Amino acid sequence: MRCVSPPVGHRAAGCCLVLLSFFHINIIAGSPGKSFQGQDDIHVIRSNRLDLREIVFIIQSQSNTFHVRQAERQKADLLKQAHSLVEEPPVVLLLHTLSHNEGDWSILPLLPHLSQSFGKNSSWIVFLEEETDVKMNTLAGVLATFDRNKEWFLGKHLHDEDSTIIHHYAFAENPSIFKYPDFSAGWALSIPLVVRLGNKVKQEPLKSDFTIDLKHEVALYIWDNGKGPNLTAVPELCTEPKDSPQALLCATTLSNHPTQCGKPVNKDDIFVAVKTCKKFHTERVPVIKKTWEKEALYLEYYSDYADPSIPTINLGVPNTERGHCGKTFAILQRFLSSAVPDTKWLVIVDDDTLINLPRLRALLGCYDPSEPVCLGERYGYGLSQGGYSYITGGGGMVFSREAVLQLLDSGCKCYSNDAPDDMVLGMCLNALNLPVTHSPLFHQARPEDYSKDFLAHQVPISFHKHWNIDPVAVFNKWLKEDFRSNASDGLNKRTKTEL
């Protein structure tokens with residue numbers, strides 16, 4: 001049995017850890033390192049009295065072709081493992097196929113459907129990202145140690161060292177007290193919790209306008225100011241590489257299979273557009289020139305003032321204090337004109353974006369530029385009330401040429417020059433039924449605004465903002481090419497593209 005979950009910020013009692021260690025040894029005895037299980041493992045499943053059909057797996061998939069392929073591969077692996085253990089496998093679902101509701105990726109609007117569909121015949125909903133590998137027998141053994149008739153929220157703990165803008169400065173006096181799950185390790189909800197939350201969503205409309213960091217927001221909603229359960233840490237839910245010695249006792253790990261993405265795209269496949277203005281020509285532009293500009297074959301700076309020393313280009317759009325929609329749409333139009341090289345990809349960044357272009361080129365090798373691809377860090381607005389997703393601009397917005405063509409052909413335009421460009425683009429994409437493709441390797445904020453454990457298993461592509469940091473030092477620490485030896489290799493060696 002598991003000990004009662006301790007209060008937020010406290011560790012589990014030592015007796016729990018001893019019992020868990022003993023349980024681990026029995027779960028994995030005789031089968032370390034094997035992909036699939038034998039008779040001993042079947043005995044474990046049966047002796048713990050958790051039928052695999054009581055588990056519903058939901059892969060947090062996306063509708064882009066590459067991501068569908070990744071999710072289907074993961075689904076096939078789960079079913080293959082299950083068939084080696086039992087005759088009737090569990091339900092495995094792909095999130096993007098469950099409905100036509102754009103907001104389903106934010107999980108909470110989906111809870112009433114999950115409650116209705118699985119509330120009577122299941123015990124657990126287990127959520128997995130595309131790169132999360134599962135040892136089915138170990139996971140079933142872990143779940144069997146929890147009372148399925150109680151409310152449980154299980155995962156790998158993340159916490160903030162300092163209050164952060166991406167979490168609306170929550171728990172400002174002691175940010176580390178609140179724990180939220182690392183989705184890469186997988187996370188689980190017991191059915192009693194799913195049923196209660198599903199009823200709550202139906203009775204009380206979701207209030208948050210913006211979806212920024214989903215894992216934190218899901219945890220806040222479940223915790224409900226102390227009226228709901230805290231996240232219970234499960235040490236078997238891991239973010240270690242699958243072949244790591246530290247992963248021996250893990251029920252989940254990160255895939256380290258080579259991705260089937262081919263070669264990185266060429267430098268001459270990418271056109272980079274930097275949005276700036278006269279007041280930042282001497283402050284921010286020099287940072288770009290010291291760090292990542294040399295990796296761009298085609299790059300232009302767009303400003304409200306033409307400065308030949310940089311050089312910058314005045315697009316005839318007056319500078320605005322916020323939004324910059326007019327400037328962004330002028331960039332989209334210029335990208336399709338004969339004024340710039342004909343490239344497959346457009347990357348739009350702010351003048352305080354720090355980005356590693358070789359890593360981006362490796363990532364883009366996974367995508368088909370003939371499709372309308374819109375890639376970056378995904379946010380949401382009004383997702384529970386028929387809203388839309390959008391790529392947050394600070395971390396970088398990446399568009400295939402086909403996406404730009406469809407956007408402009410649709411007649412999509414700004415309602416004012418200072419409208420929020422990323423959100424206007426999101427509305428247009430939603431109207432066109434074009435998906436926003438998420439990668440957590442893009443970051444709207446600074447490294448210190450994210451959990452250290454969350455960044456520990458990433459090879460990041462971008463960060464944003466120069467506020468209270470030395471941007472060159474941040475680039476050299478996180479984005480320079482000697483970071484973790486060869487970052488492009490890192491993207492290709494692990495399906496931890498987190499795509």
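The count of salt bridges in this predicted model comes to 16. A salt bridge here is a side-chain nitrogen of Lys or Arg within 4 Å of a carboxyl oxygen of Asp or Glu. Because the model is predicted, local features need pLDDT of at least 70 and side-chain atom pairs count only at pLDDT 80 or more, while totals for chains, interfaces and linings use all residues. Residues are numbered from 1 along each chain as its sequence is written, and side-chain values use heavy atoms, with hydrogens and water left out.

Start with Lys 275 and Asp 421. Their side chains meet in a salt bridge, 2.5 Å from N to O. This pair links distant parts of the chain: Lys 275 sits in strand β13 (residues 270-275), Asp 421 in helix α12, and 146 residues separate them. Helices (H or I, at least four residues) and strands (E, at least two) are DSSP runs, numbered from the N terminus. Lys 275 is buried, at 8% relative accessible area. Asp 421 is buried too, at 6%. Buried means under 20% relative accessible area, exposed over 50%, and partly exposed in between, with a 1.4 Å probe and protein chains only.

Asp 351 forms a salt bridge with Arg 284, and their closest N and O atoms are 2.8 Å apart. Again the pair links distant parts of the chain. Asp 351 lies in the loop between β16 (345-350) and β17 (353-355), Arg 284 in the loop between β13 and α8 (285-290), 67 residues apart. Both Asp 351 and Arg 284 are buried.

Salt bridges that share partners join Asp 51, Arg 53 and Glu 88 into one network. Within it, Asp 51 bridges to Arg 53, with the closest N and O atoms 2.8 Å apart. Asp 51 is partly exposed, at 27% relative accessible area. Arg 53 is also partly exposed, at 39%.

Now the cysteines. A disulfide is a covalent bond between the sulfur atoms of two cysteines. Counted as pairs of cysteine sulfur atoms within 2.5 Å, the disulfides come to 4.

Cys 261 and Cys 366 form one of them, with sulfur atoms 2.0 Å apart. The link is right-handed, with 90° about the S-S bond. Cys 261 lies in the loop between β12 (252-254) and β13. Cys 366 lies in the loop between α10 (357-364) and β18 (374-376), 105 residues apart from Cys 261. Both cysteines, Cys 261 and Cys 366, are buried.

Cys 325 and Cys 414 form another disulfide, their sulfur atoms 2.1 Å apart. The torsion about this S-S bond is about -90°, so the disulfide is left-handed. Cys 325 is in helix α9 (residues 325-335) and Cys 414 in the loop between α11 (401-409) and α12, so the pair ties together parts 89 residues apart in sequence. Cys 325 and Cys 414 are buried.

A disulfide also joins Cys 412 to Cys 428, at 1.7 Å from S to S. Its torsion is about 70°, so this disulfide is right-handed. Cys 412 is in the loop between α11 and α12, Cys 428 in helix α12, 16 residues apart. Both Cys 412 and Cys 428 are buried.

Next, the aromatic rings. The structure holds 17 aromatic pairs. Rings of Phe, Tyr and Trp (its six-membered ring) pair if their centres lie within 6.5 Å; planes under 30 degrees apart count as stacked, over 60 as edge-to-face, and the rest as tilted. Phe 178 and Trp 223 form an edge-to-face pair, 5.6 Å centre to centre with 65° between the planes. Phe 178 lies in the loop between β6 (157-158) and β7 (180-181) and Trp 223 in helix α7 (residues 214-223), so the pair ties together parts 45 residues apart in sequence. Phe 178 is buried at 4% relative accessible area, and Trp 223 is buried at 17%. Elsewhere, Phe 210, Tyr 379, Tyr 381, Tyr 388 and Tyr 390 form one aromatic cluster.

On a 1 Å grid over the protein atoms alone, a pocket is an open set of points where a 1.4 Å probe fits, with protein on both sides within 12 Å along at least five of seven lines; lining residues have an atom within 4 Å of a point. The lining has 44 residues, of which Asp 350, Gly 394, Gln 444, His 464 and Lys 465 lie nearest the centre. Helix α12 (residues 421-432) gives the most to this lining, with 3 residues. By class, the lining has 13 nonpolar, 13 polar and 18 charged residues. Ala, Val, Leu, Ile, Met, Phe, Trp, Tyr, Cys and Pro count as nonpolar, Asp, Glu, Lys and Arg as charged, and the others, Gly among them, as polar.
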